[in-house]
Amino acid sequence: MSKITIGQFYPINSPVHRLDPRVKILGTIFYITVLLFVNHFAGYIVAAVFIALVTAISRVPPALIFRGLRAIIFILIFASLINLFFTRGEHVLFAFGFISITLEGVVFAVQMICRLVLLILGSSILTLTTSPIRLTDGIEALLRPLKYVGVPSHDIAMMMTIALRFIPTLADEMEKITKAQKARGAQFDNGGLISRAKSLVPLLVPLFVSAFKRADELATAMEARCYRGDIGRTKMKSSRIKRSDVFAMLIMLAFFFAIFATRYL
Amino acid sequence: MIKSENLNFEYAAFGEGERPAKALRDINLRINEGEFVAILGHNGSGKSTLARHFNALLAPTGGTFRVRGLDTRDSANTWEIRQTAGMVFQNPDNQIIATIVEEDIAFGPENLGVPPDEIRRRVDEALAAVKMTAYADFPPHNLSGGQKQRVAIAGVLAMRPACIVLDEPSAMLDPSGRREVMETITRLSRESGITVILITHFMEEAARADRVIVMDAGQIVMDDAPRKIFSRVDEMNALGLGVPQITELAFELKKRGLDVRGDVLTIAEFMSEFSRILRVSSEFGVHSSEISPISSELAQAGEESHCEEGLSGRPPQENAPEKQTPGGQAPVLELKGVSHTYSPGSVFEKSALRDINLAINEGEIVAIIGHTGSGKSTLIQHFNALLRPTSGEILTRGEPLLSAAASKKRKRRKKMPPSEANPTNQAYAHVGLVFQYPEHQLFEVTVYKDVAFGPTRMGLSDVDSRTVAALESVGLGPEFYEKSPFELSGGEKRRAAIAGVLAMTPDVLVLDEPAAGLDPRGRREIFAQIKKMHEESGITVVIVSHSMDDAAALAERIIVMNEGEIVADGTPSEIFTRGDFLTEIGLDVPQISDLGLPAGIFTVDAAADYIAKRAAESGETCGNSHSSSATKGEGL
């Protein structure tokens with residue numbers, strides 16, 4: 001479980017990596033929204049070309065980007081099968097009992113696959129090219145205006161950072177405790193719901209005890225390093241909008257017009 | 001730099017009826033700019049409490065504590081003090097905040113509001129100072145313990161402190177990690193002139209400081225140069241601390257009437273000291289003044305008797321010797337051609353064990369040593385079927401570990417409670433596995449219930465008598481039964497957790513680093529307990545350790561692992577002849593074995609006896625008395 005990777009950041013230094021995280025987050029949201037407007041296969045081709053281009057510039061191995069698809073492969077297959085079998089239409093290609101496959105169904109299923117795949121690929125690029133801490137920085141910056149209506153944007157970002165930092169540590173710890181309790185005869189995978197919930201006690205109590213201890217020590221360590229919230233704080237990698245960011249935004253705009261154009265094909 | 005006057009500190013009482021705990025009493029301390037000070041003391045002596053005063057994490061409840069003239073009680077000074085005196089803690093995992101190394105190092109300066117360009121410069125400098133530049137982009141959880149501690153040190157350095165306080169920075173590290181951290185600390189102290197305050201349990205580490213402060217019961221009991229402190233061997237032993245092994249050896253020699261300085265601190269010092277004595281006493285004037293291993297000098301004094309001992313130069317066997325237990329029984333645990341590969345077929349594929357052949361006999365006490373990642377943890381998890389071999393088989397008393405239990409299960413399936421019918425459970429009960437930091441698995445309301453958890457889950461009979469016996473064998477009496485495991489002290493918690501495994505009355509007890517993180521006294525206690533248990537019940541014990549000292553103190557047989565293979569298997573004396581090889585694979589050898597003494601000598605007593613005997617013999621043959629050697633010795 002130590003192999004667990006959160007946000008699977010691929011640490012190299014490409015132009016995409018260097019983009020301001022705010023630009024990348026907003027860009028990704030924009031991209032996903034635009035994807036929903038596509039109603040023609042040409043639109044998917046435009047989006048695919050766009051993704052391929054960004055991937056090439058980011059120098060992230062395409063295999064890594066495709067790996068993000070593994071998580072949704074079952075959803076993908078399941079959803080497309082449902083669409084395939086249960087979409088009604090005029091052009092029946094194949095019928096057996098209550099199952100019929102129509103041309104519309106095929107088109108719809110393929111479109112849905114395209115949309116989902118492109119969506120996942122796009123967000124994978126965001127997480128692969130942006131370190132979790134830059135990502136949280138970006139979110140913090142984007143949330144900053146909300147500070148004036150009482151949203152503690154800095155605290156939220158700090159909590160996200162610490163959570164990201166400790167997920168692998170706690171996962172390791174959990175694995176260790178599981179093994180130790182198993183060696184004492186604890187079983188976690190059989191019995192009814194209640195006995196299963198009960199069997200988690202030997203796992204969860206030590207995990208919580210340790211998590212609280214860690215939290216306490218971490219808080220002391222942070223205080224020792226002069227942490228006092230966002231009072232007078234600076235950032236090593238302060239995000240400033242650079243020329244490349246403006247350029248990226250222009251490309252996004254061009255992408256939007258290209259997609260929009262395909263609607264009128 | 002640091003000045004405290006009549007410093008007192010008490011922790012506030014939690015419940016009613018509890019009195020505030022007095023942790024520090026009348027501490028008067030002055031530490032100058034640029035000093036390297038080590039603070040020693042067993043757990044509960046107040047040294048960590050004192051450490052927390054250096055950067056105003058705690059403020060005195062009586063007296064004053066000043067850092068560069070700033071009073072720590074005045075909260076207006078807090079941030080300046082924390083910037084002046086940075087702090088590194090024991091657990092490397094619980095002080096790294098960010099998910100990327102360089103961003104973590106930037107955390108301190110960011111908090112101080114340093115401009116971004118300046119932070120970048122400081123981060124690069126700090127990375128270079130701890131030699132971690134190549135790891136700037138790494139996520140911390142992919143680093144080793146030693147590397148994580150160096151990142152933590154860099155994180156403090158980036159704040160440009162005048163003083164760095166390290167609270168047992170190496171307690172949770174393996175020997176190579178400990179070396180990395182100590183090298184870093186020593187270099188910093190020497191090259192950057194920063195004031196270093198090192199709290200430690202390791203006497204060898206303290207010996208590197210300019211000054212050692214010893215604490216006991218909240219007071220400073222000694223404060224002097226390490227040479228002076230460690231020459232007070234009896235006092236240090238009485239405090240439960242001990243001295244570096246080499247110092248102890250010199251002390252023992254002195255006790256045996258040899259004219260040796262009692263304050264040697266390093267192996268080099270010991271060598272020059274000793275060649276002086278030996279050369280003068282036996283007039284081996286032909287030797288150069290260069291430091292050479294003692295054995296080459298001693299060899300001439302007592303070559304024949306070496307051969308009689310019949311041990312010197314005999315290499316340990318490469319493979320497990322096919323030993324038979326006296327009764328001719330099959331071994332209690334036997335591994336044949338066991339290999340283990342993690343996540344086979346995936347990108348993470350990693351071969352952890354390769355073709356392990358190993359037999360552990362009834363009643364043996366065996367130590368398995370190897371550095372982190374050598375495969376020893378993977379190996380012991382095979383012993384009780386937590387992990388299954390990718391290939392090969394595991395036998396217990398001639399029967400396969402799992403199928404023996406499984407066939408019983410088929411026969412009696414319906415009569416047995418589900419947990420006992422489970423073959424893996426039988427393997428768990430056969431081989432009790434105590435993990436590293438076992439106290440982390442305590443969860444029940446009372447100590448008794450926690451210890452009874454194992455036997456109850458296993459569906460064993462006589463849960464009560466097993467529980468009581470287990471608690472007794474770790475030295476926890478009835479007064480502990482109804483206590484919450486969380487209110488015990490560190491050592492007691494560990495013993496309770498070991499009892500939790502013992503209660504399943506295993507045939508083999510496997511302990512992974514049973515002394516990890518304990519202070520010297522706790523270490524000795526736990527080893528004495530294990531030894532006693534072994535002697536009384538004859539249980540087969542397997543101990544996993546980084547430390548050769550532990551292995552030497554306890555085991556009759558040592559198995560050395562490296563890169564997933566068994567590279568040596570033999571008696572301690574056989575293993576310790578290969579000091580260079582052991583150091584090469586990242587293990588910590590006892591200082592004694594660096595002296596180049598003949599094989600079979602690896603404890604202070606044995607070494608002292610041997611050297612004293614040789615010196616006496618060589619003295620006699622040449623007709624020189626010790627008194628004359630002493631006077632001549634002064635002249636050299």
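Two strands count as paired here if DSSP finds at least two bridges between them. Helices (H or I, at least four residues) and strands (E, at least two) are DSSP runs, numbered from the N terminus. With that in hand, strand β4 (residues 62–67) of chain B is joined by 2 bridges to β5(B), and the two run antiparallel. B:Arg66 has B:Asp71 in β5(B) as its bridge partner.

Everything below comes from a predicted model, in which local features need pLDDT of at least 70 and side-chain atom pairs count only at pLDDT 80 or more, while totals for chains, interfaces and linings use all residues. Residues are numbered from 1 along each chain as its sequence is written, and chains are lettered from A and ligands numbered from 1 in the order in which they are written.

First, the confidence figures. The model scores ipTM 0.81 and pTM 0.79. pLDDT is the predictor's confidence in each residue, from 0 to 100. Chain A has a mean pLDDT of 85, with 96% of its residues at 70 or more. For chain B the mean is 81, and 84% of the residues reach 70 or more. Residues 283–292 of chain B stay under 50, with 15 contacts beyond four places in sequence. Residues 299–326 of chain B are also below 50, and have 39 contacts in the model beyond near neighbours in sequence.

Back to the sheet that holds β4(B) and β5(B). This is an open sheet of 4 strands in the order β2-β1-β4-β5 (chain B), with antiparallel pairing. β2 (21–31) and β5 (70–71) of chain B are at the edges with a single partner strand each, so each has one side without a neighbour in the sheet. Helix α1 (residues 47–54) of chain B packs on this sheet, touching β1 (2–11), β2 and β4 of chain B, and its direction makes about 55° with that of β2(B). Axes are lines fitted to C-alpha atoms, for helices over the stretch in contact, and angles run from 0 to 180 degrees between N-to-C directions.

Chain B also has an open sheet of 6 strands, ordered β6-β7-β8-β3-β9-β10, with mixed pairing. The edges here are β6 (85–88) and β10 of chain B, each with a single partner strand, so one side of each lacks a neighbour in the sheet. From one strand to the next the twist averages 20°. At one end, 4 bridges join β6(B) to strand β7 (residues 163–167) of chain B in parallel fashion, with B:Met87 standing opposite B:Val165 in β7(B). Helix α5 (residues 145–157) of chain B lies across β6 and β7 of chain B, running at about 165° to β6(B). Elsewhere in the sheet, strands β9 (residues 211–216) and β10 (residues 219–224) of chain B pair in the antiparallel sense over 5 bridges. B:Ile213 sits opposite B:Asp223 in β10(B). The hairpin of β9(B) and β10(B) has 2 residues between the strands, and B:Ala217 takes a positive phi near 50° there.

In chain A, helix α2 (residues 21–37) packs against helix α6 (residues 103–129) at an angle of about 175°, with the axes 10 Å apart. The two are therefore roughly antiparallel (angles over 145 degrees count as such). Residues in contact are those whose C-beta atoms, placed from the backbone, lie within 7 Å. Among the residues of α2(A) that meet α6(A) are A:Ile25, A:Tyr31 and A:Leu35, and those on the α6(A) side include A:Arg115, A:Leu118 and A:Leu126. By class, this contact has 7 nonpolar, 3 polar and 2 charged residues. Ala, Val, Leu, Ile, Met, Phe, Trp, Tyr, Cys and Pro count as nonpolar, Asp, Glu, Lys and Arg as charged, and the others, Gly among them, as polar.

Between the chains, 45 residues of chain A are in contact with 53 residues of chain B. On the chain A side, α7 (132–143), α8 (153–182) and α10 (201–224) each supply at least two residues. The largest share, 13 residues, comes from α10(A). That side of chain A has 21 nonpolar, 11 polar and 13 charged residues.

Definitions and conventions:
Two residues are in contact if their C-beta atoms, placed from the backbone, lie within 7 Å. Angles under 35 degrees count as roughly parallel, over 145 as roughly antiparallel, 65 to 115 as roughly perpendicular and the rest as oblique.
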